[in-house]
Amino acid sequence: MNGMSLFATLVHALGTSTKTNDKLDALVDYFGEASPHDKIWVIALFSGRRPKRAVTSTLLAAWCREKANLSQWLFEECYHTVGDLAETIALLLPEIKRGINPHSLSYYLEKLIDLSQNSEAEKKSFILESWEQLNRQEKFVFNKLITGGFRIGVSQQIMVQALARTVSLETSLIAHRISGKWDPMTTAFEELLGGELASTDDSKPYPFFLSYALEQLPEELGLHEEWQAEWKWDGIRGQLIKRNDKLFVWSRGEELITDKFPEYNALLNILPNGIVIDGEIMPSRDGQPLPFALLQTRIGRKNVTRKQLLEAPVSFFAYDLLEIEGHDIRSFSLSDRRKNLDAIVKSVNHPALLVSRIIDFNNWNDLKILRDRSRENGAEGLMLKRMSSTYQVGRKRGDWWKWKIDPLTIDAVLVYAQKGHGRRSNLYTDYTFAVKDGDKLVTFTKAYSGLTDKEFAQVDAFVKNNSLEKFGPVRTVKPSLVFEIAFEGIAASARHKSGVALRFPRMLRWRHDKNVDEINTLEDLKRMLEIYGK
Amino acid sequence: MNLITFTEAGLFCSLGQFYIDPWKPVDRAVITHAHSDHARYGSKHYLCHTYTKPLLQLRLGEGNYQAIEWGERININDVVMSLHPAGHIIGSSQVRIEYKGEVWVFSGDYKTENDGLSGQFEAIPCHTFITESTFGLPIYKWEKQETIYDEIRKWVTQNMEDGFSSVLLAYSLGKAQRVINALEQNQNIYAHGAICNSQELLINQGWELPSVQRITVDTEKSALKKSIVIAPPSADGSSWMKRFSPFRVGVCSGWMQVRGNVRRRNADAGFVLSDHADWDGLISATAATGAEKVYVTHGFQSAFSRYLNEKGIDAYEVKTAYGQEEEDEGKETKIDTP
Ligand SMILES: [Zn+2]
Ligand SMILES: [Zn+2]
């Protein structure tokens with residue numbers, strides 16, 4: 001099998017396998033067989049380095065309708081049923097008869113990259129030509145390359161494991177080598193994985209060490225003296241790097257976001273070279289954390305305005321030190337790394353760089369009491385880290401635990417429903433909820449997750465039988481199903497009718513025992529805003 | 001002249017004083033096929049195709065059944081009624097009604113590809129055609145069944161090599177027989193009780209079908225290693241499945257055309273095998289009847305009728321209580337009582 005077909009087979013295998021091991025095998029097979037240049041692209045795609053979008057969805061849809069001779073309403077009907085544009089188009093276009101497709105994955109990707117410079121007519125001719133070269137499965141993949149979002153359940157971690165098996169290297173080494181800034185167009189597979197790039201790339205971050213939620217009692221972790229506690233901050237996890245007189249800020253999503261936070265520029269001249277700090281990008285004033293909602297006003301904007309800098313200033317709350325004087329010290333114990341970190345932050349002495357302070361406690365019980373005060377401290381709980389632990393790669397159990405406080409909750413009634421996407425494209429699974437305001441209902445949040453498949457099917461049946469109105473894909477539902485909505489934070493919002501915006505809302509449980517008269521009120525929400533929304 | 005009207009109890013022919021596939025108990029019911037959403041319990045008299053009769057008896061118990069052949073013309077009160085192959089499952093029939101030169105046909109469920117068991121669908125010229133529309137969107141286009149059977153065989157072989165059992169979910173009446181036929185070469189095909197019941201009944205009726213082994217509490221777990229198991233969709237996720245571990249699940253259904261459905265079912269593989277017509281099948285069948293008026297029942301009735309209207313055919317959507325069989329296949333499942 002050649003390039004594009006091989007890749008389509010991989011995507012299919014990844015999309016249908018339900019077990020991690022099968023996905024891993026599929027990737028290993030792929031890396032064993034594909035050309036080096038295609039491999040580099042797969043690493044890029046699966047680590048979120050998709051090329052810039054060359055063609056809009058609107059154009060793709062229009063060309064497909066033209067080719068398949070379909071009216072717009074029928075196309076849209078199909079799209080609503082499938083839930084994914086790339087797949088809808090692949091299903092609607094006539095199936096081709098052909099032998100082997102001569103083209104590689106990189107051929108299509110690089111053509112697509114060039115295409116962004118081209119006229120609409122040139123784009124159209126390339127897309128139509130490609131559709132005629134590709135079978136249905138490949139068409140889907142090709143469309144996905146344009147529309148983005150391979151939601152096929154491959155974590156970066158699985159890919160790293162597969163690569164590690166392919167080239168016989170440690171996963172931590174691979175994770176480091178494929179991180180950071182590199183261009184699949186100009187990087188060779190051997191160069192990337194051989195580490196040549198890592199030694200020359202000043203911006204290269206380390207893979208983050210991530211924690212699991214604590215499921216047991218803290219007492220079961222053993223002696224409290226062996227553990228370090230910190231607040232769990234609700235900002236953007238990041239790495240601050242200075243090498244060769246250049247400063248870089250990476251987010252956990254492997255995005256280089258240096259330009260978004262001009263506050264950190266001040267650190268360029270005072271931080272020593274050869275340094276990598278792990279921490280949280282936090283809105284904060286005078287060393288005190290501010291609500292995450294403030295940071296949200298800055299994310300997603302191209303340019304930061306002076307007003308935003310004044311209203312939502314950020315600091316870097318440092319957790320850990322990974323590199324000092326150009327040496328990787330991730331194998332040092334946490335307490336040693338922390339000592340070095342404290343010394344550096346102290347010598348820098350600048351409000352843009354703070355240490356995330358260590359919480360003193362004498363026993364686990366003390367800590368429980370402190371944890372209950374997380375919200376007052378602007379935190380969402382505690383982090384527990386074993387003092388002797390090394391800095392590991394990815395999400396691991398054992399040495400780091402997050403111990404979050406219980407979420408805030410409110411009882412609300414379902415009022416609108418919309419069909420989900422992907423896995424749930426035929427079910428009504430996206431809901432809007434309302435609270436009472438006098439004898440009216442006011443919508444205040446959407447939620448999509450938290451129910452079992454069985455519950456979703458039950459709600460779906462209810463929605464279908466109790467629709468009051470239909471606006472496009474949205475159905476207005478008779479207000480009668482009550483759910484307990486959990487969320488992590490609440491902030492004032494002028495954009496929402498209710499005046500509040502929730503952070504991470506989800507359905508905690510279906511309250512079969514409650515009817516619509518017993519739900520919470522807008523008053524209740526506003527009270528929560530007053531207490532927790534500052 | 002309306003030869004069929006749509007009533008609370010189902011499709012009704014008032015000139016003939018009978019219902020077709022009623023969903024409430026009636027005096028006289030003509031039954032297109034033995035699926036539970038089309039053949040319901042409680043009517044006083046049932047008329048159906050010869051092949052359907054034993055299947056109805058199995059499902060509904062003893063009762064008053066009359067069986068006729070395809071093309072056999074029966075006078076019922078003022079009308080002439082006959083049954084014609086629909087190609088959906090064994091015995092499945094379209095219902096043709098004629099009165100003073102006016103002809104109406106109800107398709108029941110149908111598919112246009114000949115599966116070798118259900119008979120070849122015949123388009124019956126008529127003035128008014130009442131069609132199903134289960135897969136009435138252009139995203140549903142089937143591959144030839146042989147292609148799908150090959151996929152299934154390959155998948156089963158791969159599973160055996162990997163040390164897994166292959167659990168194939170297929171509706172017990174219709175698809176299960178097709179899948180079993182396709183896998184005939186293999187020894188030891190096991191089946192869920194619901195499927196064995198249909199299979200054994202059909203074999204007793206003289207159908208040349210491979211026999212399958214019934215899974216009971218006594219079936220040795222070791223015998224099930226790397227085996228092929230045919231089960232109804234409702235068995236999915238039940239504790240009954242545990243005994244096959246390690247196993248992989250393949251769902252055989254037209255709904256598997258959409259990736260999201262494969263994942264939602266948490267299936268390891270989806271095989272796009274259907275006993276219903278695909279989009280092209282619906283269009284060609286409807287066109288071949290030459291009908292000037294079309295009523296569209298269960299499925300994507302609004303889309304398909306709108307499409308027909310755009311093509312200059314007078315089409316209307318009709319709400320019926322059919323479609324449960326198809327729903328079961330595509331959706332989350334309930335626990336089965338065979
Ligand atoms: Zn049927
Ligand atoms: Zn039906």
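Predicted model: local features only at pLDDT ≥ 70, side-chain atom pairs only at ≥ 80, totals over all residues.
Residues are numbered from 1 along each chain as its sequence is written, chains are lettered from A and ligands numbered from 1 in the order in which they are written, and side-chain values use heavy atoms, leaving out hydrogens and water.

**View 1. Cysteines without partners.** A disulfide here is a pair of cysteine sulfur atoms within 2.5 Å, and the count over all chains is zero. Take A:C64: its closest cysteine sulfur belongs to A:C78 at 8.8 Å, which is too far for a bond. A:C64 is also buried, at 0% relative accessibility. Back at B:C196, the nearest cysteine sulfur is that of B:C252, 16 Å away, and there's no disulfide.

**View 2. An aspartate tucked into a loop.** B:D115 belongs to the loop between β10 (102-106) and β11 (128-133) of chain B; strands are DSSP runs of E, at least two residues, and helices are runs of H or I, at least four, numbered from the N terminus. With a relative accessible area of 11%, B:D115 is buried. Its side chain gets to 2.8 Å from the backbone nitrogen of B:L117. Setting aside neighbours within four places in sequence, B:D115 is in contact (heavy atoms within 4.5 Å) with B:G87, B:H88, B:Q145, B:R178 and B:D275.

**View 3. Ring on ring.** Over all chains there are 38 aromatic pairs, meaning Phe, Tyr or Trp (six-membered ring) centres within 6.5 Å, with planes under 30 degrees apart stacked, over 60 edge-to-face and the rest tilted. B:F135 and B:W142 go edge-to-face, 4.9 Å centre to centre with 80° between the planes. So do B:W155 and B:F271, at 5.4 Å and 70°. B:W155 is in helix α2 (residues 145-162) and B:F271 in strand β17 (residues 269-271), so this pair ties together parts 116 residues apart in the sequence of chain B. Both B:W155 and B:F271 are buried.

**View 4. Charges over rings in chain A.** A charge counts as over a ring if Lys NZ or Arg CZ is within 6 Å of the ring centre and within 35 degrees of the ring normal. A:K385 lies over the face of A:W400, 4.2 Å from the ring centre. A:R503 does likewise with A:F292, at 3.6 Å.

Note on methods. Buried < 20%, exposed > 50% of the residue type's maximum accessible area, 1.4 Å probe, protein only. Polar contact = N/O pair within 3.5 Å; in protein donor to acceptor, adjacent residues only side chain to side chain.
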